[in-house]
Amino acid sequence: MNVLIIGGGGFIGSRLATEWLLQHPESKGKITLVDQAFLDNIKNNPGFKCIEGDFSDPSLIDPLLEKEPELIFHLAAVVSGEAEKNFDLGMRVNLYGSLHLLEKCRELAYCPKVVFASSCGIFGGDVNQVLTEETAPKPKSSYGTQKAMVDLLMNDFSRRGFVDARCLRLPTITVRPGKPNAATSSFLSSIIREPLNGKPTSYPVAPSSPFWILSPKQVVRNFIHAAKLPAKDIGDDRTINLPGITVSVQEMIDSLEQVTHKGITDLISYEPDAFLQSIVLTWPPNFDTKKADALGFTADKDTTEIISNYIQEEHIQVPKK
């Protein structure tokens, strides 16, 4: 099977590519990754073909689609904070780039399977409600609006038989290694990652603020699971709210203490940020994921499991008291 991973150089994309190759060694040399940059361990892996560039550029993506990959993972996006600050860039990449991908598949008339990284950021309104797949999107950010529009397009293009899409509405992914990025949710990784590296960090919302989260390990597992599901099992609505766990910022900090030691959280401080609050506090933290559960998607057990796995996977030496 020929596989195309758009956004394959990113943290989740590179992990997805590596895990897919591990589970499908017969795919060696048949996995093409597209992104603006790649780490050396991905670029030098003979199992992958790495293409550097902007996926929303037709001159880059069209030749790759003309090879008719049977499976496309679409993870590329301008993240939430950047899409809010740069409207034109967010529209070009998140909406028009995705629309062009779908139109090119329609033009080629070969109906690939497309697993799309959507977001729970498409929801807004009453943050106290429990959301289901039947809840109407009411995004309070340009990023959420762009993702919601692509969800609708994926549904309609699937209905018409142009693609076979699965839109996974992702919770906030934590813990991400590396440096903070432009995502408005970046602090939910920073409050775990930075203290483990002996560095100070802060969070911009009240410590009681709850969020819907999922670990990178579970996200990758769920992407691969989505690719293997028969279309008939998913049904006409191709959007799926992935399972996650609801935790507050304070609960995450307490879990970090539980896994390590109390003194480590002295590096974490509360620094309110009105811009970040205006986006992240519109994300509902409570979901009913009966559809995803029935289809076999999975979540983490709790935040201590997420933090413990992160420490193990990243080979972190926890700073002493």
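**Exercise 1. Where in the chain is Ala109 found, and what is its phi near?**

Step 1: Ala109 is found in the loop between α5 (87–108) and β5 (113–119). Helices (H or I, at least four residues) and strands (E, at least two) are DSSP runs, numbered from the N terminus.

Step 2: Phi of Ala109 is near 55°, a positive value in a residue other than glycine. Most residues other than glycine have a negative phi, and most peptide bonds are trans.

A quick note before going on: this is a predicted model, where local features need pLDDT of at least 70, side-chain atom pairs count only at pLDDT 80 or more, and totals for chains, interfaces and linings use all residues. Residues are numbered from 1 along each chain as its sequence is written, and side-chain values use heavy atoms, with hydrogens and water left out.

**Exercise 2. Work out the strand order of the open sheet of 3 strands, and say which strands stand at its edges.**

Step 1: Reading across the sheet, the order is β7-β9-β11, with mixed pairing. Two strands pair if DSSP finds at least two bridges between them.

Step 2: β7 (172–173) and β11 (245–248) each have a single partner strand, so they stand at the edges with one side left without a neighbour in the sheet.

Step 3: Now zoom in on β7, which pairs with β9 (residues 210–214) in the parallel sense over 2 bridges. Here Ile173 stands opposite Leu214 of β9.

Step 4: The peptide bond from Thr174 to Val175 is cis, with omega near 20°.

**Exercise 3. Which residue forms a salt bridge with Arg169, and which parts does the pair tie together?**

Step 1: The partner is Asp151, with the closest N and O atoms 3.0 Å apart. For a salt bridge, a side-chain nitrogen of Lys or Arg has to be within 4 Å of a carboxyl oxygen of Asp or Glu.

Step 2: Arg169 lies in strand β6 (residues 164–170) and Asp151 in helix α6 (residues 142–159), so the pair links parts that are 18 residues apart in sequence.

Step 3: The structure holds 14 salt bridges.
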